[in-house]
Amino acid sequence: MTLAPFGARLRHALDTRGQLCVGIDPHASLLAAWGVEDTVAGLETFSRTVVEALADRVAVLKPQAAFYERFGSRGVAVLERSVEEARAAGALVLMDAKRGDIGSTMAAYAEAFLAPGSPLFSDAVTVSPYLGFGSLRPALDLARASGAGVFALALTSNPEGAEVQRAVGADGEPVAASVLRQLAEENAGAEPLGSFGAVVGATLADAGVDLAINGPLLAPGIGAQGATMADLPRVFGASVRNVVPSVSRDVLKHGPSVEALRSAADRFVQEYAEAVK
């Protein structure tokens with residue numbers, strides 16, 4: 001079955017399920033807070049509970065690949081099952097892998113997450129453009145061909161990011177602005193939304209760049225990092241309806257109760273709706 005373009009599928013999911021991405025971040029301290037062991041068995045319990053609670057209601061689930069990879073092949077097997085089960089329940093899966101390399105290596109990363117038939121095939125993947133935006137070409141091309149999406153790091157929520165992202169190139173254009181401009185070029189003419197997004201932190205005091213890329217804007221930093229849904233109109237301006245607010249700890253801390261996880265996610269969806277009405 002050929003997938004519709006990711007941007008169109010994402011727009012539909014946001015419009016029907018509400019504007020929220022929930023991260024699946026099974027780090028050791030969170031496993032402990034849930035009362036499960038920091039083992040593959042604990043990892044599987046955590047992941048299955050989050051998928052059971054949220055995959056049939058939130059627009060996007062975003063597993064962080066590193067927290068699975070640290071367990072080796074058995075952890076990756078849990079990730080594969082989580083991706084499959086989440087997508088089967090109707091959530092779009094954004095693999096938070098932040099891959100970035102050149103040539104055949106970038107192509108291999110793309111095949112791992114964006115090739116239909118791959119055990120880790122996801123609706124979209126996060127990538128790093130800091131070997132040059134052109135280095136992302138294998139991922140961009142495969143995503144376009146497979147109906148998947150790509151989110152490139154642009155202005156991230158960590159304060160250290162500014163030393164690279166706010167740097168000015170030889171042509172006088174800030175690095176982040178260059179990334180956003182080239183994403184806009186990839187999305188030109190796409191309706192109702194392009195498939196190539198940017199990661200732009202909700203914690204920014206002022207984006208200071210053009211965010212009108214005709215694509216989605218993944219906004220981490222809400223909750224534990226200090227941003228709120230009420231901050232989004234200020235940070236994103238006219239592009240706020242293309243924002244995919246990302247919340248991890250402030251939803252996940254309510255587990256292992258399925259009902260509490262659902263209630264927390266529902267609250268953030270409502271907070272977004274109140275913020276942009």
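Strand S3 (92–99), strand S8 (243–247) and helix H11 (249–252) each give at least two residues to the lining of the largest pocket. Helices (H or I, at least four residues) and strands (E, at least two) are DSSP runs, numbered from the N terminus. This is a predicted model, where local features need pLDDT of at least 70, side-chain atom pairs count only at pLDDT 80 or more, and totals for chains, interfaces and linings use all residues. Residues are numbered from 1 along each chain as its sequence is written, and side-chain values use heavy atoms, without hydrogens and water.

A pocket is an open set of points on a 1 Å grid over the protein atoms alone, where a 1.4 Å probe fits, with protein on both sides within 12 Å along at least five of seven lines; lining residues have an atom within 4 Å of a point. Volume is the space filled by probe spheres set on the points, joined across faces, edges and corners.

| Pocket | Volume | Lining |
|---|---|---|
| Largest | about 470 Å³ | 25 residues |

Asp 25, Lys 62, Pro 220, Gln 225 and Ser 248 lie nearest the centre of the largest pocket.

The chain has twelve helices and eight strands. Of its 277 residues, 54% count as buried, meaning under 20% relative accessible area with a 1.4 Å probe, protein chains only.

Key: Buried < 20%, exposed > 50% of the residue type's maximum accessible area, 1.4 Å probe, protein only.
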